[in-house]
Amino acid sequence: MPIKHIIYEVGLFVALAATTAFCVNYISPNGIALVGQWDPGRGVISAQSKNDVIVHELEINAPETAKKIYDSAAAVFVDARARGFFDKGHIKGAFSLPLHEAGTLMETFKEKFSLSTYVITYCSGRECDDSHQLAQIFLENGYHNVSIYIDGYPGWIAKGYPVE
């Protein structure tokens with residue numbers, strides 16, 4: 001068999017495999033996005049997958065802005081991180097509502113805070129989208145005044161703001 005024929009068949013096989021992979025990725029609900037937002041300076045990083053919950057319009061990008069809201073006591077800060085992380089440290093006065101427990105703890109939150117409460121979610125910074133997912137759960141549960149502090153607990157600590 002001539003070498004040209006072998007190279008042609010290998011090339012054809014690779015092209016067919018790549019085409020099949022791209023097609024399956026395109027139609028799959030869990031397909032991997034080929035273009036993403038990977039610059040933390042522009043907000044929470046995101047692969048912009050089909051199931052992406054990142055809503056940049058809800059984001060608070062500056063720690064100073066979050067601190068002004070905190071000082072005015074106009075909002076409840078809600079920590080979306082797992083309870084173990086919350087117990088090690090959190091924004092002073094924050095409410096712990098870990099994302100994976102949101103389904104069971106949301107009713108408790110609703111008993112304490114009315115639907116008109118301004119809620120600010122946060123997690124572990126710009127590489128974490130738990131706060132976005134939790135914000136979406138708040139919106140689905142009737143809270144209409146929701147923001148996301150995207151620098152999260154690490155950004156709060158870096159500024160020397162109150163923690164407990």
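**Ground rules.** I number residues from 1 along each chain as its sequence is written, and side-chain values use heavy atoms, with hydrogens and water left out. Because the model is predicted, local features need pLDDT of at least 70 and side-chain atom pairs count only at pLDDT 80 or more, while totals for chains, interfaces and linings use all residues.

**Entry 1: helix H4.** I took helices and strands as DSSP runs (helices H or I, at least four residues; strands E, at least two), numbered from the N terminus. I sorted residues by relative accessible area: buried is under 20%, exposed is over 50%, and partly exposed is in between (1.4 Å probe, protein chains only).

Which residues of helix H4 are buried? In H4, residues 102–112, I found Ala102, Met106 and Phe109. Looking down the axis of H4, I see these buried residues within an arc of 70°, so they line one face of the helix. The arc is that of the directions from the helix axis to the C-beta atoms. An α-helix has 3.6 residues a turn, so residues three or four places apart point the same way. On the other side of H4, I noted Thr104 and Glu111 as exposed.

I then looked up what covers the buried residues of H4, with contact meaning heavy atoms within 4.5 Å. The cover includes strands E2 (76–79), E3 (95–96) and E4 (119–122), and also helix H5 (130–140).

**Entry 2: salt bridges.** I counted a salt bridge where a side-chain nitrogen of Lys or Arg is within 4 Å of a carboxyl oxygen of Asp or Glu. The structure has five of them; I wrote up the following pairs.

Glu64 pairs with Lys159, with 2.8 Å between the closest N and O atoms. This pair links distant parts of the chain, 95 residues apart: Glu64 is in helix H2 (residues 63–72) and Lys159 in the segment after helix H6 (152–158). Glu64 is partly exposed at 37%, and Lys159 is partly exposed at 43%.

Glu101 pairs with Arg83, the closest N and O atoms being 3.3 Å apart. Glu101 sits in the loop between E3 and H4 and Arg83 in helix H3 (residues 83–88), so the pair ties together parts 18 residues apart in sequence. I read relative accessible areas of 22% for Glu101 and 32% for Arg83.

Asp151 pairs with Arg126, their closest N and O atoms 2.6 Å apart. Asp151 lies in the loop between strand E5 (146–149) and H6, and Arg126 in the loop between E4 and H5, 25 residues apart. Are these two buried or exposed? I found both Asp151 and Arg126 buried.
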